[in-house]
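Subject: Structure handover

Hello,

Here is the structure for your files. My notes on it follow below.

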Amino acid sequence: MRDDPRLPSTPGFWRSPLRGPWFTSVLGLVLLVGITVLFVTGLASYAAYNPDLSPVNDKTPDKGILGFYLFAWPTHPHWLYRLNQGVHVTLGITLIPVLLAKLWSVVPRLFTLPPARSLAHALERISLLLLVGGGLFEFVTGVLNVQLDYIFPGSFYPLHFYGAWVFFAAFVAHALLKLPTALRALRHLREEPGSDLVSPRPAAPTVSRRGALWFVGGGSLLLFATTVGQNVDGPLRRTALLAPHGGRDPGSGPNGFQINKTAAYAGISAAETSAEAWRLVVAGRTGVVRLSRDDLLQLPLHSAALPIACVEGWSTSDQWWRGVRLRDLAALVGYDRDDPPDVFVESLQRHGAFRRAALRANQVADPRSLLALYVNGEELSPDHGHPARVIVPAAPGVLNTKWVAQLTFGDL
């Protein structure tokens, strides 16, 4: 049975003349660089949520030692998160054809018999299963998140976070084992007959290995071209066909730029945001202050040009925001403007993972961190957070809370 050419466990079953160490090695080295960048930018994105700040922001409370690298996310430069997440998502989508081609190139090894020839071989096969399974899991959940299709069980954040560690651990082990072989294979265009990737009876070639690589590269270039526009300005935004926020700016006028959730989706009614009904509650060391929108307009107003950037990879260009500095609001309840504490932000939104958020003291202290009342010279629209929203440089979009109801200052 092991020699039956009709079975995938038989080397002769796999007849493509493209498979071989050289083809696999080229794809592997591309993934070695690309996946390393994905992992680093993914961890940086996770750190931007400040999960150690407060249970409010921490979506992985049982992470333990896996949170060793976390740090206070900076506010300089103001486009830092926009760049990081744009690279992470765009590169991840661009690498999909390379990943699929790499898996295709080594698929005969998945059917090799016996499944384990020794303990060392068994461990290698297990690491390979973790590598393949983890890679598919990370790419699939990432793409679904970008498309806003939350069909996976549980929250995206812990699934993607823990999955990334499992996948990358297997990836590093595999790279250490295979890198010397890959480098040797790249020095030779002809395959060694003894390789288990080379078919003992290959079919007639219809394309060269270099042609196949150009095909894979063309697929990656197409995905890049239809994704990158979601996080750059100009005409390319119209080419982002695969990005849910990458098309034409919604609406027109000063509020005509991308949004994630509308006021209707969040359940925000005009009655509760009216001038008569809405009050901002500011709590802190010396008590509680309640401010109407007119009260806020009597405070010193400041402006900042900042983008909105979200975990899905989409972002806006810099918008011109105007409002009250968060550190000035902290001063109303007993804190020094130059040394404000953390702040706990609550929205009128009643449901959703980020209806509440926490910001670190360094984010509150930045003079560009505002409780915004205007954008681009006009009052915020309901979809952009009227009557007031938080805007902080370099912070993920979900931490720039809309429809703010309460700010509680203090160490969290």
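Helices here are DSSP runs of H or I with at least four residues, strands are runs of E with at least two, and both are numbered from the N terminus. This is a predicted model, in which local features need pLDDT of at least 70 and side-chain atom pairs count only at pLDDT 80 or more, while totals for chains, interfaces and linings use all residues. Residues are numbered from 1 along each chain as its sequence is written, and side-chain values use heavy atoms, with hydrogens and water left out.

Helix 3 itself covers residues 96–110, and its 15 residues reach 20 Å from the first C-alpha to the last, close to the expected 21 Å (1.5 Å times one less than the number of residues). At Trp-104 there is a kink of about 35 degrees, shortly before the proline Pro-108; the bend is the angle between axes fitted to the seven residues ending at a residue and the seven starting there. Among the buried residues of helix 3 are Pro-97, Lys-102, Ser-105 and Pro-108 (buried means under 20% relative accessible area, exposed over 50%, partly exposed in between, with a 1.4 Å probe and protein chains only).

Helix 2 also has 15 residues and reaches 21 Å, close to the 21 Å expected. Eleven of its 15 residues are buried, so helix 2 is largely enclosed by the rest of the structure. The buried residues include Arg-82, Asn-84, Gln-85 and His-88. Their cover includes helix 1, helix 3, helix 4, helix 5 and helix 6.

There is also an open sheet of five strands, in the order 2-1-10-5-6, with mixed pairing. Strand 2 (287–291) and strand 6 (356–359) stand at the edges with a single partner strand each, so one side of each has no neighbour in the sheet. From one strand to the next the twist averages 15 degrees, with axes taken as lines fitted to C-alpha atoms and angles running from 0 to 180 degrees between N-to-C directions. Two strands count as paired if DSSP finds at least two bridges between them.

The pairings are these:
- Strand 1 (residues 280–284) runs antiparallel to strand 2 over five bridges, and Gly-284 has Gly-287 as its bridge partner.
- Strand 1 pairs with strand 10 (residues 404–409) in the parallel sense over three bridges, and Ala-283 stands opposite Thr-408.
- Strand 5 and strand 10 are antiparallel over five bridges, with Val-345 bridged to Leu-407.

Two single residues complete the notes. Arg-337 sits in the loop between helix 9 (326–331) and strand 5 (343–347) and is partly exposed, at 45% relative accessible area. Leaving aside neighbours within four places in sequence, Arg-337 is in contact with Arg-327, Asp-328 and Ala-331 (contact means heavy atoms within 4.5 Å). Its side chain makes a polar contact of 2.8 Å with the side chain of Asp-328. A polar contact is a pair of N or O atoms within 3.5 Å; within protein, one must be able to donate a hydrogen and the other to accept it, and residues adjacent in sequence count only if both atoms are side-chain atoms.

Gln-319 lies in strand 4 (residues 319–325) and is buried, at 8% relative accessible area. A polar atom of the Gln-319 side chain lies 3.1 Å from the backbone oxygen of Ser-317.

Regards
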